[in-house]
Amino acid sequence: MSDKKPRISVVICAHNEEERLPSCLDKLSFADEIVVICDKCTDKTEDIAKSFGAKTVLGSWDIEGERRNRAIAEATGDWIFELDADEHVNAELAAAIPEAVLSDEFDSYLIPVDNYVGKRLVRHGWGASFGTSAVWRLYRRGRKHWGNERVHPSFELTGKKGPRLEGALVHFVDRNISDMIRRFDSYTSARANDLRAAGKIGSFAHNFRRIISRFWRCFVSRKGYKEGGLGFLIALLAALFPMVSYLKARYDDE
């Protein structure tokens with residue numbers, strides 16, 4: 001273990017987040033540096049970030065992966081912790097992160113996520129491109145690189161993976177069901193653009209078969225049924241995600 005205390009950079013990508021950003025930044029006392037990427041912002045996001053001592057970078061990105069890679073490149077810390085404006089670091093996680101980076105054994109750590117729809121904590125059923133219960137967000141600088149997709153970009157993570165940390169990233173996923181459906185519409189449109197750009201739209205038959213398997217995985221295997229109607233809706237939208245993305249890619253330009 002090195003005698004020098006590793007520096008932690010928190011990087012945040014934000015688009016017009018003046019309402020949610022302050023409470024997010026307020027919970028980052030463990031950070032040695034905060035970098036906020038202001039993507040097409042027309043509100044007070046930049047001013048709020050600066051008031052918390054953050055380094056801000058202004059720009060316009062259509063590709064999520066490119067935006068996230070720019071945030072990482074702007075950071076100077078030994079370790080990077082990625083965060084979104086609709087997420088809060090709870091007290092237990094805020095204590096676990098500085099402790100974890102003191103070890104030389106691992107190069108990245110898995111971060112648990114508590115997902116909220118409105119005021120309700122939804123623990124079960126997430127996955128399949130519509131939500132996740134754990135994310136690789138803490139890693140040594142240089143160990144992670146994002147792909148060039150518009151939504152849910154792929155990433156390459158090198159080095160030795162560590163365990164899941166204690167605490168949780170509190171994620172306010174959707175304000176209500178209408179917000180969830182709007183997110184579904186936005187995400188499938190972005191995914192359709194990725195499919196067209198890659199020239200690999202796929203087929204109706206393949207995406208139709210995925211509906212059943214993805215619904216089963218979210219609602220049954222990941223126990224979405226424990227969440228009642230919300231679990232059913234999350235599983236349904238996750239199941240339909242590839243099909244609707246395919247249909248938009250195939251027919252929206254006709």
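Q: Is aspartate 39 buried or exposed?

A: The model is a predicted one. Burial is judged from relative accessible area, and buried means under 20%. Aspartate 39 has a relative accessibility of 5%, so this residue counts as buried.

Q: With which residue does the side chain of aspartate 39 meet in a salt bridge?

A: Side chains of opposite charge can pair when their charged atoms come close. Here the partner of aspartate 39 is lysine 40, with 3.3 Å from N to O. Lysine 40 is partly exposed, at a relative accessible area of 34%.

Q: How many salt bridges does the structure hold?

A: There are 22 salt bridges in the structure. One of them joins arginine 137 to glutamate 87, whose closest N and O atoms are 3.0 Å apart. This pair links distant parts of the chain, for arginine 137 is in strand E8 and glutamate 87 is in strand E5, 50 residues apart. Arginine 137 and glutamate 87 are both buried.

Q: Which side chain meets that of arginine 120 in a salt bridge?

A: The side chain of glutamate 227 does, at 3.2 Å from N to O. Distant parts of the chain are again linked: arginine 120 belongs to strand E7, and glutamate 227 to the loop between H6 and H7, 107 residues apart. Arginine 120 is partly exposed, with a relative accessible area of 38%, whereas glutamate 227 is buried, at 7%.

Q: Where does arginine 68 lie, and in which helix?

A: Arginine 68 is part of helix H3, which spans residues 64–74. The residue is buried, with a relative accessible area of 10%. Apart from neighbours within four places in sequence, arginine 68 is in contact with Cys13, Glu82, Asp84 and Trp146. Its C-alpha atom is separated by 9.8 Å from that of asparagine 148, a residue 80 places away along the chain.

Q: Which residues of helix H4 are buried?

A: In H4, residues 91–100, the buried ones are Leu93, Ala94, Ala96, Ile97 and Ala100. Viewed down the helix axis, these residues fall within an arc of 165°, so they line one face of H4. The face turned away from the buried side carries Ala91, Ala95 and Glu99, which are exposed. The cover over the buried residues of H4 includes strands E1, E4, E5, E6, E8 and E12.

Q: Which residues make the nonpolar surface patch?

A: Phe204, Phe208, Leu247 and Tyr251 make this patch, of about 400 Å². Helices H6 and H7 each supply at least two of its residues. Tyrosine 251 lies in H7 and is partly exposed, with a relative accessible area of 42%.

Terms used
Residues numbered from 1 in each chain as written. Predicted model: local features only at pLDDT ≥ 70, side-chain atom pairs only at ≥ 80, totals over all residues. Heavy atoms only, no water. Buried < 20%, exposed > 50% of the residue type's maximum accessible area, 1.4 Å probe, protein only. Helix = DSSP H or I, 4+ residues; strand = E, 2+ residues; numbered from the N terminus. Arc of directions from axis to C-beta. Contact = heavy atoms within 4.5 Å. Patch = residues over 30% accessible without salt bridge, like charges linked within 9 Å, V, L, I, M, F, W, Y side chains within 5 Å. Areas by Shrake-Rupley, 256 points an atom, 1.4 Å probe, with all protein chains shown as cover. Salt bridge = Lys/Arg side-chain N within 4 Å of Asp/Glu carboxyl O.
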